[in-house]
Amino acid sequence: MHWHAYTWTGSAEERDREAERRPGSPDFSSSAVPPMRTGDWLAKPRSRIAATFDDLDAALDWLSSRYRRLEGAFTHPDRVGLDERLASARDALPRGVDVQWGEWLTGGRFATVSLICCPNRHVTHPCPVRRP
């Protein structure tokens, strides 16, 4: 198993374009908005992949760095906290459970930071990256 990393930041109006967030939509592949189901990120073009990890610690470092970049723009203090989020991700990812964090940001924006398991236990999309 490995993990593909994805990010998205956009407006509430973009996020609300629900049809584009479903793989059956003709606009799904070209739309930048995140999919409704986390595993459907794998059906997006591979250019959407921010990084790919085989190593859990490297994947968690990536999550942490993305969180820290966004943290100053959160509209509300994070009641969960980074340490708890990382502990949960450390438990979930090796068991094949996707991790997706979403937060409202200042200016009516929303951000998602995701690590998607590949292969994925909930969807049958092939790996978007050929690996040796």
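Apart from neighbours within four places in sequence, Glu-20 is in contact with Ser-25, Asp-27, Phe-28, Ser-31, Val-33 and Lys-44. The model is a predicted one. Glu-20 sits in the loop that lies between helix H1 (12-15) and strand E2 (51-53). With one of these contacting residues, Ser-31, Glu-20 makes a polar contact, side chain to side chain, at 2.7 Å. The relative accessible area of Glu-20 is 16%. Glu-20 therefore counts as buried, because the cut-off for that class is under 20%.

Next comes the strand pairing around E1. Strand E1 covers residues 2-11 and is mostly covered, with seven of its 10 residues buried. Which strands pair with E1? One partner is E4, which runs antiparallel to E1 and is joined to it by 10 bridges. Within this pairing, Tyr-6 has Ser-114 of E4 as its bridge partner. The other pairing is with E2, also in the antiparallel sense, over three bridges. Here Trp-3 stands opposite Phe-53 in E2.

How many cavities of 30 Å³ or more does a search of the whole structure find? The search finds one. The space in the largest cavity is about 60 Å³. Its lining consists of Arg-66, Tyr-67, Leu-70, Phe-74, Trp-101, Gly-102, Glu-103, Ala-111 and Val-113. By class, the lining holds six nonpolar residues, one polar residue and two charged residues. Gly-102 belongs to this lining and is counted as polar under the classification used. Arg-66 and Glu-103 are also in the lining, and residues of these two types count as charged.

Pro-119 is found in the segment after E4. The peptide bond that joins Cys-118 and Pro-119 is cis, with omega at about 0 degrees. Most peptide bonds are trans. The Cys-118 to Pro-119 bond is instead a cis one.

Technical notes
Residues numbered from 1 in each chain as written. Predicted model: local features only at pLDDT ≥ 70, side-chain atom pairs only at ≥ 80, totals over all residues. Heavy atoms only, no water. 1 Å grid on protein atoms, 1.4 Å probe; cavity = no way out; pocket = protein on both sides within 12 Å on 5 of 7 lines; lining within 4 Å. Points joined across faces, edges and corners; volume = space filled by probe spheres on them. Helix = DSSP H or I, 4+ residues; strand = E, 2+ residues; numbered from the N terminus. Buried < 20%, exposed > 50% of the residue type's maximum accessible area, 1.4 Å probe, protein only. Polar contact = N/O pair within 3.5 Å; in protein donor to acceptor, adjacent residues only side chain to side chain. Contact = heavy atoms within 4.5 Å. Pairing = 2+ DSSP bridges.
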